Amino acid sequence: IGAGVVGLSVAWLLSQQGHTVLLIDPALEGGQSSTAGSSAALDSIDRALHPKARHVGSAVRWDLEWERWDDDGEPSGSTGRPILHALQSAEAVRTAVGVVRYFGGTLLGVPGLIRAYRGAAELALAAGVWMPFVPVQTWWVHCDYPHLSTALRWVQAVEGTVRSQRVDSRCVLEVDIPEHMESQWKARCLAYGSPLQLLETGTVL
């Protein structure tokens, strides 16, 4: 379900009926320039499912360089950063965590908040099902139809995947090649006499 106004409303209704709901928001994609986009998306999702929560601390880790966090009104450094530290310790990327807090009448103090938020994030990450992240480079492959099977075989040989393809007398493939196999891929496709024409994504013929 998308995380817009309608999607959040539907998600809340489904959650009240006992369903597990997955919400997806484009604000969590890499390249966001501010904390506001990612933290607002997590905050809106968690608050839709927990409307009486006092605070929703959150952190997002897209890769080793792009990281964001939000304390959501808690003392500075007591909430978002501990959640981010849990993400870093788990070596998680392409991952966001939101921790919902209901105030039960006990003041935890900054040390207690740090332990609570990080501990909750660590429990969530430990319970998750993880998939290895393999960085890829996307390429356009152009070839004549008789060489299509060669192109597909070469993509498979370097553990690549085909995103899309247009088959005609002149075929066009959009493929993802793992970065650790990129040198082999280019050496093969750019060799003298190769039947394939190779262009990085974004290059126009």
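Modeller: Helices are DSSP runs (H or I) of at least four residues, and strands are DSSP runs (E) of at least two, both numbered from the N terminus. On that basis, E159 lies in the loop between α5 and β5 (161-166). Keep in mind that this is a predicted model.

Colleague: How many helices and strands does the protein chain have?

Modeller: The protein chain has 6 helices and 7 strands. Along the sequence they follow the pattern α-α-β-β-α-β-α-β-α-β-β-α-β.

Colleague: Back to E159. What makes E159 count as exposed?

Modeller: Its relative accessibility is 52%. Exposed means over 50%, so E159 counts as exposed.

Colleague: Where does R94 sit, and what is its phi?

Modeller: R94 is in the loop between α3 and β3 (95-101). R94 has a positive phi of about 55° and is not a glycine.

Colleague: Why is R94 called partly exposed?

Modeller: The relative accessible area of R94 is 38%. Buried means under 20% and exposed means over 50%. The value falls in between, so R94 is partly exposed.

Colleague: What follows α3?

Modeller: E91 follows α3, and the phi of E91 is positive, near 55°.

Colleague: Where is G80, and what is it in contact with?

Modeller: G80 is in helix α3 (residues 80-89). Setting aside neighbours within four places in sequence, G80 is in contact with S58, A59, W69, D70 and D71. G80 and V99 are 19 residues apart in sequence, with their C-alpha atoms 9.1 Å apart in space.

Colleague: Which residues of α3 are buried, and what do they pack against?

Modeller: The buried residues are G80, P82, I83, L84, A86 and L87. They pack against β1, β2 (67-70), β3 and α4 (109-127).

Colleague: How do α3 and α4 pack?

Modeller: Their angle is about 35°, and their axes are 8 Å apart. The crossing is right-handed. On the α3 side, the contact is made by P82, I83, H85, A86, L87 and S89. On the α4 side it is made by I114, Y117, R118, A121, E122 and L125. By class, that contact has 8 nonpolar, 2 polar and 2 charged residues.

Colleague: Why are α5 and α6 called roughly antiparallel?

Modeller: Helix α5 (residues 148-157) and helix α6 (residues 182-189) pack at about 155°, with axes 10 Å apart. Angles over 145 degrees count as roughly antiparallel. The two helices are therefore roughly antiparallel to each other.

Colleague: What is the handedness of that crossing, and which residues meet?

Modeller: α5 and α6 cross in a right-handed way. W154, V155 and A157 of α5 meet W185, R188 and C189 of α6. By class, this contact has 5 nonpolar, no polar and 1 charged residues.

Colleague: What makes the pairing of H55 with D72 a polar contact?

Modeller: The side chain of H55 reaches the backbone oxygen of D72 at 2.8 Å. A polar contact needs a donor and an acceptor, N or O atoms, within 3.5 Å.

Colleague: How much of the whole chain is buried?

Modeller: Of the 205 residues of the protein chain, 37% count as buried. Among contacts with a separation of 6 or more, 60% come from residues 24 or more positions apart.

Key. Residues numbered from 1 in each chain as written. Predicted model: local features only at pLDDT ≥ 70, side-chain atom pairs only at ≥ 80, totals over all residues. Heavy atoms only, no water. Axes fitted to C-alpha atoms, helices over the stretch in contact; angles between N-to-C directions. Parallel < 35°, antiparallel > 145°, perpendicular 65-115°, else oblique. Left-handed = near helix turned anticlockwise from the far one by under 90°. Contact = heavy atoms within 4.5 Å. Nonpolar A, V, L, I, M, F, W, Y, C, P; charged D, E, K, R; others polar. Buried < 20%, exposed > 50% of the residue type's maximum accessible area, 1.4 Å probe, protein only.
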